[in-house]
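Please read the following briefing alongside the sequence and the three-dimensional structure.

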Amino acid sequence: MSVQTMPAQALSALRLRLPPLTTQTFVGLAVAIVTAAVVLYPIYYLIQASLDVGDPDVRPPTAYGFDNFALLPDYWEILLNTLVVSFAATVMALVFGFLTAWILNRTEVPLRRTLEQAMAVPYYVTPLLGAFAWSLLGAPESGLINQAWRAMGGQEALIDITSPYGIAWVMALFEGSVAFVMIGAVMKSMDPSLEEAAQVMGAGRWRTMLRVTLPLVAPGVLGAAIFVFAEMLGSFSAALVLGTPSRFYVITTAMFQLVSQYPPRIPLAAAMGVSLFAVMFVMLFFYRRLISRGSYVTVSGKAFRPRLMDVGPLRWVLFAVCIAYVLLSVVLPILTLVSVSLQKVTALVPSAANFTFEHYRTALGLNAVRYAMTNSLMLGAATATIGVLVTGLLSWLIYRSRLPGSGVIEYIVMFPQSVPRLVFAFGMMWAWLVFPIPIYGTLWVLLIAYLTVFLPLGVRTISSVMLQLDKSLEECGEVCGASWGYRIRRITMPLLRPGLLAAWLLLFIASVRELGASILLMGPNSKVLTPAIVEAWFATSSELTAAMALIQTFVVGIAMAIFIALTRRASQLGGA
Amino acid sequence: MTVQNLRNSPEIEVENLEISYGSVRTVGPISFSVTSGQQLTLLGPSGCGKTTTLRALAGLERPSGGDIRIGGRTMYSSAEGVNLPAEQRGLSMVFQSYAIWPHMTVYENVAFGLRVRRKSAAEIEEKVRGALDLVQMAKFADRHASQLSGGQQQRVALARACAFSPSVLLFDEPLSNLDAKLRADMRIELRELQHRLGVTSVYVTHDLEEALAMSDQIIVMRGGHIEQSGSPGEIYNFPRTDFVADFVGSSNLIRGRTRPDLAADGLIALETDAGHVIHGVAHGRRTAADAVMSVRTVHLRLDETSPPGKLNVWPVTVKRAVFLGDLTQVHLDWGGKELVVRRTALDGLAEGQQAFLSVDPQRCVLLESA
């Protein structure tokens with residue numbers, strides 16, 4: 001240093017505090033700032049709209065106030081509906097989840113491995129398909145189950161899937177499988193010696209269960225309960241399909257109604273969205289607190305082989321419980337949709353005379369469907385590809401870089417998790433409407449929406465693999481003298497490969513089937529498939545809708561198969 | 001500058017290094033230097049800051065103050081605002097977990113540092129073969145890391161670390177994941193390798209034997225500070241504090257009042273509460289009124305008959321004898337204080353038996369008073 005003036009020293013002190021401007025810092029900061037902007041910009045507009053009490057036709061708002069929130073108590077019925085449905089769905093999901101997790105992790109039930117894999121399927125069936133299928137099965141008049149009931153001499157309807165508990169049932173079956181995963185993880189991570197210790201001290205099987213096992217898994221189950229309840233509050237598709245026709249609204253479907261009716265009541269919908277978001281935010285905050293404090297069982301982080309309980313002949317009963325769950329959530333809905341889509345007019349007992357491929361022909365022949373399908377697949381591939389790059393980089397920044405402020409980035413990235421996609425899209429609608437570059441009503445706004453709302457999904461998938469990698473694998477490259485770009489390319493990316501591929505697949509599937517954000521953001525010239533299917537459900541026949549829904553499922557399946565085949569081939573070539 | 005000067009010049013210089021997490025200072029300020037071609041070992045219990053210090057040298061941890069110079073280049077300086085990233089420091093490191101990249105073959109792992117430095121294909125081939133020969137792993141060149149045992153991975157990590165001929169090698173507990181037998185073998189191999197390559201190295205371990213066997217210089221760390229530094233002999237024979245005495249091999253700590261009136265022949269004398277007088281060496285340390293001496297358990301002698309000599313001989317009672325294989329550990333009652341003796345003698349001393357305890361005054365070392 002030749003010039004040792006005071007400003008130079010001050011500058012060097014400053015430089016020490018700020019990270020040096022390398023490629024790594026530059027790319028990192030750029031990604032972090034763009035992510036923050038994309039996440040927070042719509043939230044700003046959501047809140048702005050909720051406080052708008054001026055002339056509804058003028059933007060930006062001419063006056064601000066809390067009047068919209070003051071109106072909310074008038075809609076107490078909707079709030080009550082939301083609470084009843086969410087609470088019922090959470091209870092059902094926890095009962096299913098706890099029971100199946102316990103059976104599959106802790107007892108010697110036959111076909112344990114196969115059943116465990118089958119438990120993931122309802123998630124892939126999606127609540128929308130589940131709602132269609134269960135509507136066909138359980139509608140009070142036309143539902144196949146109720147028809148069968150009356151054919152057997154029953155009175156009225158056996159089940160009513162359009163009732164609050166019916167809606168909760170569908171939500172629990174198809175959105176509640178996360179409870180199984182969460183509770184299962186807690187049971188897997190429990191050190192069996194804790195229970196063995198109790199038994200050695202002379203406690204019987206039931207006493208051990210009551211005094212040791214249950215208290216140990218309780219924090220995990222509580223965490224799952226909060227998480228599932230927050231999810232259910234923001235749930236949209238089951239209530240839309242099953243509740244709307246009989247004017248039964250929960251908060252998300254009410255918001256959608258307020259936005260799409262004429263004249264729209266945007267500020268009121270925004271106030272509902274902000275309230276919902278605030279409640280979910282607080283709940284997920286407590287969930288995080290609960291999880292980060294670490295329930296006693298998960299502290300060690302070791303993987304244990306859980307001790308299996310010998311339940312004797314009871315295992316066949318438990319086996320039947322699991323099979324029943326799979327039947328109700330996978331087999332029965334899919335069979336129903338297939339059967340309905342292949343009949344001219346839906347009948348309880350399929351007959352040869354009634355058989356037809358007409359609905360598939362119609363669905364595939366509709367220009368609108370082909371157009372929406374192409375858009376959806378294109379968007380899916382684009383979201384997955386860009387999403388993997390962005391979330392991969394973000395995961396690395398959050399969990400591996402020594403950049404200051406990586407904790408803040410994590411918070412921003414995980415933020416969309418506490419905002420229902422419909423509410424998020426609502427903010428985005430306004431945000432991009434006033435954006436200087438006219439992308440509103442194009443596929444671009446959908447791409448941005450998907451990338452934003454699926455940030456947590458991508459980051460969670462990639463970081464779960466990243467956190468399993470020993471940190472020193474990268475540090476060693478660093479000490480060996482490799483630059484940041486070279487390290488990422490030669491060490492981090494190849495090691496993360498399974499995580500990146502999984503993230504691509506998940507992002508693709510999630511985008512192609514997205515409903516809550518798409519339904520608000522798609523324009524007449526940017527139709528996508530899932531909202532188109534929902535429109536068909538309300539406007540045309542259920543047979544046609546079933547065919548469309550199955551075509552979508554099939555196409556997603558084919559796309560996945562091609563992707564897996566391609567990557568397997570590429571990895572074989574690369575490994576040679 | 002003569003060749004002689006160059007060899008003895010410090011390769012690594014650390015001055016007033018401090019490392020903090022938030023407001024908690026975990027290391028420092030500490031200062032030390034390593035002469036070119038020498039091996040320095042940072043020794044201490046877990047959480048003493050030894051690994052953090054090593055990572056700061058490597059550039060993997062960001063210090064909060066001080067200076068680090070390696071090979072005359074400033075790597076970190078808080079005053080000048082310099083902090084070179086790890087990849088520009090030109091060092092090499094062997095990690096505790098080995099960090100062998102599972103997606104590459106052994107050959108590619110070792111070649112990594114050379115490829116980064118854009119060496120020619122011929123040079124890469126030659127250096128990789130050389131490094132693999134050095135650790136006797138040449139025949140495994142095409143294997144993947146998952147197909148190697150722990151000891152083999154260790155060797156590959158070592159080959160990778162020296163392949164690009166770095167001037168400084170850092171070791172982060174490289175032997176801690178090996179079983180005891182292999183660890184003892186690798187200790188000697190590593191030492192030989194270090195001599196052959198003439199590379200300056202910094203080694204981190206919590207294992208005393210490893211430190212004594214492998215180092216030219218040892219720094220004992222505790223709570224982020226240097227407790228004592230010196231040659232292995234110095235550290236073992238003349239521990240500075242009760243912590244070093246206790247950590248570096250088992251010691252008996254004997255507390256008492258100094259008796260200058262009994263001091264003679266360059267020895268100092270201590271009188272315990274029970275009235276025993278023990279003579280020892282001050283090793284240049286200041287004697288306070290109350291002082292502590294350290295006596296290694298293996299340096300205490302036990303005899304059934306009174307040995308010749310007057311200094312440092314006491315009658316004692318055997319409380320318990322524990323058979324440990326190579327050694328027998330005997331617990332004694334020494335005027336109300338329990339002393340531990342480790343001896344190889346075959347005569348079985350029974351509990352309650354009377355015996356004579358003696359120790360060479362040169363083996364009784366005064367500790368620095370707190």
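The points below concern a predicted model. Both chains are described by domain, beginning with chain A, which is divided into domain 1 (21–50 + 357–576) and domain 2 (77–353). Chain B is likewise divided into domain 1 (3–237) and domain 2 (250–366).

**Domains of chain A**

- The centres of domain 1 of chain A and domain 2 of chain A, taken over C-alpha atoms, are separated by 25 Å.
- Contact between these domains involves 27 residues of domain 1 of chain A and 32 residues of domain 2 of chain A.
- On the side of domain 1 of chain A that touches domain 2 of chain A, at least two residues each are supplied by α2 (23–50), α19 (421–433), α24 (516–521), α25 (529–539) and α26 (542–575) of chain A.
- Helix α26(A) provides the largest share of that side, with eight residues.
- By class, the side of domain 1 of chain A that touches domain 2 of chain A comprises 16 nonpolar, nine polar and two charged residues.

**Domains of chain B**

- For domain 1 of chain B and domain 2 of chain B, the separation of the centres, taken over C-alpha atoms, is 40 Å.

**Contact between the chains**

- In the contact between the chains, 22 residues of chain B meet 22 residues of chain A.
- Two elements of chain B, β7 (92–94) and α3 (106–116), each supply at least two residues of the side of chain B that touches chain A.
- The largest share of this side comes from α3(B), which contributes three residues.
- The side of chain B that touches chain A consists of 10 nonpolar, eight polar and four charged residues.

**Strand pairing in chain B**

- Strand β4 (residues 65–70) of chain B pairs with strand β5 (residues 73–77) of chain B in the antiparallel sense, over four bridges.
- Within this pairing, B:Arg69 has B:Thr74 in β5(B) as its bridge partner.
- The hairpin formed by β4(B) and β5(B) has two residues between the strands, and B:Gly71 in the turn has a positive phi of about 55 degrees.
- Strand β5(B) also pairs in the antiparallel sense with strand β6 (residues 82–83) of chain B, over two bridges.
- In this second pairing, B:Val82 of β6(B) stands opposite B:Ser77.
- The hairpin of β5(B) and β6(B) has four residues between the strands, and its turn includes B:Gly81, with a positive phi of about 70 degrees.

How values were computed. Residues are numbered from 1 along each chain as its sequence is written. Chains are lettered from A and ligands numbered from 1 in the order in which they are written. This is a predicted model: local features need pLDDT of at least 70, side-chain atom pairs count only at pLDDT 80 or more; totals for chains, interfaces and linings use all residues. Domain bounds come from an automatic or database domain assignment. Two residues are in contact if their C-beta atoms, placed from the backbone, lie within 7 Å. Ala, Val, Leu, Ile, Met, Phe, Trp, Tyr, Cys and Pro count as nonpolar, Asp, Glu, Lys and Arg as charged, and the others, Gly among them, as polar. Two strands pair if DSSP finds at least two bridges between them.
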